[in-house]
Amino acid sequence: METDDRSPSLARLRHLQTISEAALAHLNFDDLVRELLVRLTAILHTDTAAVLLIDPETGELRARAAKGLEEEVEEDVRIPIGRGFAGRIANERRTIVVPDVDNFDIYNPILRKKGLRSLLGAPLLVEGRLIGVLHVGTLQPRVFTDDDEELIQLAADRIAVAIDHARLYEAERTSAQQLRRLEAITEAALSHLALDDLLDVLLVRLRDLISTDTIAVLLLNDDGQTLSTRAALGVEAEAIADVAVGEGFSGTIAATGSPLVIEDVKDDASLTSGLPEIGVSSLIGVPLVGRGEVIGVLTGGTWERREFPSSDVDLLERAAARIAIAIENARLYAAERRARAAAERSADQIRRIESITDVAMHHIALDDEVLERLLARVRTALETDTAALYVMDDTRQILLARAEDGSGDLFERDVQVPLGSGFAGRVAELRRSLAVENVGAEDVISPLLRKRGIKSLLGTPLVVEDRLLGVLHVGSVEPRHFTDDDTALLSLAGERLAVALDHQRIYEREHFVAETLQRSLLPETLPDIPEVEAASRYTPGEGEAVGGDWYDVIPLPDGSFGLAMGDVVSHGVRAASVMGQLRNAARAYALEGSPPAVVLERLDVVVRGLDPREMATVAYAVVAPDRLSLTYALAGHPPPLVIDPEAELRLLEQGRGPPLGAVPDAVFEETTVEIAPGSTLLLYTDGLVERRKMWIAEGLEELLVEVRAAIDAAPEDLLDRLSARMLGDIPPSDDVAMLAVRTAPAHGNRLSLRIPADPDELAVMRQTMRRWLARAGAGEDATYDLLVATTEAAANAVEHAYGPADATFEVEGVIDADVVTVWVRDQGGWRAPRGHNRGRGTMLMQQLMDDFEVKTGEAGTEVRLQLRLNGRP
Amino acid sequence: MSADSNVRIEPGEEIVVAHVAGEIDLSNAGKVGAQLAEAVPNRALGLVVDLAETTYFDSSGVSLVFELAERLRRRQQRLRVVVPDDAPLLRVLRIVDAAGAVPVVGTVEQAEAEIRADA
């Protein structure tokens, strides 16, 4: 390159700069040192370069990196301080030149083996502390000049700082605090070296380069309006006054961004006021341009008048370009260091804050205990005696003491602080952080703080989206000056606490709405069904939003009743509303008389029609009018349980289908099972058996164990027991619904049926009566006769009573001692038997029964049939 | 769910035997009656209605039998109803058929023999 030919110094300067750049660019220790050595051998035209560092364990020098001398590192060469070439450099802390290796007491045999002839070395010092040695060597004998010596020392300085920095960078992982302390030390050293010292060196070379008497570097100040002399040679920097951009010689260069030459300052007084006093006659100046912006001006001056040919301007511009980069680098580096330090500080703060937010965020429900823990952490983070939280009440005029840490029993919850008064009130009113070093009586509204003897307070408002939620403050018993860092920390803590409080508020509102909705959708009381005892429980889940569990008991026209239980998969208000829809739909389909599988099929259609998609599990069972059988179907729901005190527990696991909304064209199957009189049917949602980390099988097993232990319990008692034993005091993770229904025990001797007026229902009615009579111990003939007589009466009701399709009739039976009485009632008028058929029916009733009577009134007709069981086999 | 009945026809050259199992009531008497009537070819001597496996039978069943008897009588065909001696429905038949319009016997063999003898 042209400049290289003309000025070896400049080439070196550029190299030196590349060392600084390398120092900045590489923070990884090994990469950095390798790169530095490559560049160093290039600058000094040597064959080898090596870095030995002091081993803190042994105090010896240990080869750490080498170029052309890799064996040193590979063999882990160790050199005691004071011994040989490197040892002496370390010991004497100065550069040492060895023109001829043969005439020097070399300790390290590798140097000889390698055939090195001449050596040059310098100590690596950081703030006067020796960290190692840097040396270079040549295979040919070489006379190292003073310049070489100066250069290696400069390089050593940069490398030392870079190494130290890189080491710190490495060490950062072990101790951030140590890093900060050490960085504070190196910060000054490095930034000093990197800019001012660098500039001093540069200026010497610049002066030689263009042969001026003075050289000055002026840099644009942060205001962007003025230039200040940063370094000068041949003239005291202080002698050069600051100059505004656009004014005077330097200001004009800065403003125009172009070089300027003034051969005689007296000829151009407008630009050179003040300069003659310094004594310069001719001036040359070029802008320093970094990243496209003028960052300063480089000027040279001569005492004697001289000319500056364009080649000088060229040369100076080239130098300026490099200097600008060095300055930029130095500044960037300083800025980066500042940023890193700040980042470290904030990282530390974040860690402390996180210890607070951990608590805040992991508990959606901020109960007293959580808040106290949170405040304890705030107190610890800020090293204060107390920490207190006040929240705005609904009127938004008063703060209420919500939680406190550090005052123990002195704290009284819900103490009121009006907005604007007292310390907390003032923080709330000002809506900014506030520190009071010496609390006056008027500052402390809270008797607590007075009693606690708080002298200094620091408070911050809790604001989310411009809404003031409360105030967080800390107090110190000893008078204390809270620093900006303290304030920043508290306000960070406050921000997070505010967000957590806000979340909780939203959560509570949602939870309240959902829970209200859900509660309103669950039956307030279960319907009263003859011969049936029913109980239900709903336990909301903890933490999560309200679930979509629901249940229903639906008396049906034929005297049977439906039991429905469902669990909507989603949570919150939506789940509750889906649940409401399902409950209503289930009720409608059930009342239509649809059998369980059909009810589920229809509900599946309802669920699949929902947008966004939703899923639900449902169990639906119909208990027959005689309470002696039930038909059920399941849609992904846990199996209902039949509890018969006289038999093994039965899980109703047949009739399983997919959850509602899960698959298209789902098919549901129903199964009918007989149940003994006095059986309890238990329906529940999976929250009961799928709690926490428990597998569902384990939960089911536990359920069976608990039920066995309470096999005779009435529904209310059973559910109390299951709640207490399986759910305990801790709210379950998911909500839990339970429904228990017990049929009348075997000694129950009543029958009560409501039957659609449809010939097809007669067979069902007889099936029911058979079981009822069997329970009462009626014999085959008596049963047959009662069935015939009742069917005749019922057929009469069906055939003649009315037309409407939804008409029903009632069959009521009572067994008293051995007398069976059956009433068949309808709302129609009795018609006298017509023709042979009806006549035969009446005849049968009369003949088969001990007693037969027909009563016809306004309300309808009642046929009474009576038979003494003992009279028949 | 209508009453659950099952009619099994044993066709024969002279005598058709119909075994009626299950229940007969208002809901299915018409259907069962039609099945039985269709089971008897014109040239047959008669029909045996076996109610041994009939678990329920009331006035609807009685009407069914009476109507069937009337129909066969018009076609010069004989009817016998088989009811075991201890069956409850015998009581029903006795009550409504005090006059003995429908001949009831205890076994299918006896019924067939009576029909042949009568022809």
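## A loop residue in chain A

A:Asp76 counts as partly exposed, because its relative accessibility is 28% and that class covers the range between 20% and 50%. The model behind this value is predicted.

A:Asp76 sits in a loop of chain A, between helix H4 (70-74) and strand S3 (78-79). Its C-alpha atom is 10.0 Å from that of A:Ala65. Along the chain, A:Asp76 and A:Ala65 are eleven residues apart.

## The interface of chains A and B

How many residues does each chain bring to the contact? Chain A gives 26 residues and chain B gives 23 residues. Together the two chains bury about 2100 Å². Carbon and sulfur atoms account for 57% of that area.

Five salt bridges cross the interface of chain B and chain A. One salt bridge joins B:Arg91 to A:Asp781. The closest N and O atoms of B:Arg91 and A:Asp781 are 3.4 Å apart; this meets the criterion because the cut-off is 4 Å. Nine residue pairs are in polar contact between chain B and chain A, with both residues at pLDDT 80 or more.

## The chain B side

Which elements of chain B give two or more residues to the side that touches chain A? They are strand S4 (54-57), helix H2 (59-74) and helix H3 (88-96).

By class, this side of chain B has twelve nonpolar residues. Six polar and five charged residues are also there.

## Aromatic pairs

Over all chains, the structure holds two aromatic pairs. One of them is formed by A:Phe85 and A:Phe104. Their ring centres are 6.0 Å apart and their planes stand at 85 degrees, so the pair is edge-to-face. This pair links distant parts of chain A, 19 residues apart. A:Phe85 belongs to helix H5 (residues 84-92). A:Phe104 lies in the loop between strand S4 (96-98) and helix H6 (109-113) of chain A. Both A:Phe85 and A:Phe104 are buried.

A:Tyr784 and B:Tyr56 also form an aromatic pair. Here the centres are 6.0 Å apart, with 40 degrees between the planes. That pair is tilted. A:Tyr784 is in helix H22 (residues 780-801) of chain A and B:Tyr56 is in strand S4 of chain B, so the pair joins two chains. Are these two tyrosines, A:Tyr784 and B:Tyr56, buried or exposed? Both are buried.

Terms used:
Residues are numbered from 1 along each chain as its sequence is written. Chains are lettered from A and ligands numbered from 1 in the order in which they are written. This is a predicted model: local features need pLDDT of at least 70, side-chain atom pairs count only at pLDDT 80 or more; totals for chains, interfaces and linings use all residues. Side-chain values use heavy atoms; hydrogens and water are left out. Contact means heavy atoms within 4.5 Å. Buried area is the accessible area (1.4 Å probe) that two parts lose on being put together, summed over both. A salt bridge is a side-chain nitrogen of Lys or Arg within 4 Å of a carboxyl oxygen of Asp or Glu. A polar contact is a pair of N or O atoms within 3.5 Å; within protein, one must be able to donate a hydrogen and the other to accept it, and residues adjacent in sequence count only if both atoms are side-chain atoms. Helices (H or I, at least four residues) and strands (E, at least two) are DSSP runs, numbered from the N terminus. Ala, Val, Leu, Ile, Met, Phe, Trp, Tyr, Cys and Pro count as nonpolar, Asp, Glu, Lys and Arg as charged, and the others, Gly among them, as polar. Rings of Phe, Tyr and Trp (its six-membered ring) pair if their centres lie within 6.5 Å; planes under 30 degrees apart count as stacked, over 60 as edge-to-face and the rest as tilted. Buried means under 20% relative accessible area, exposed over 50%, partly exposed in between (1.4 Å probe, protein chains only).
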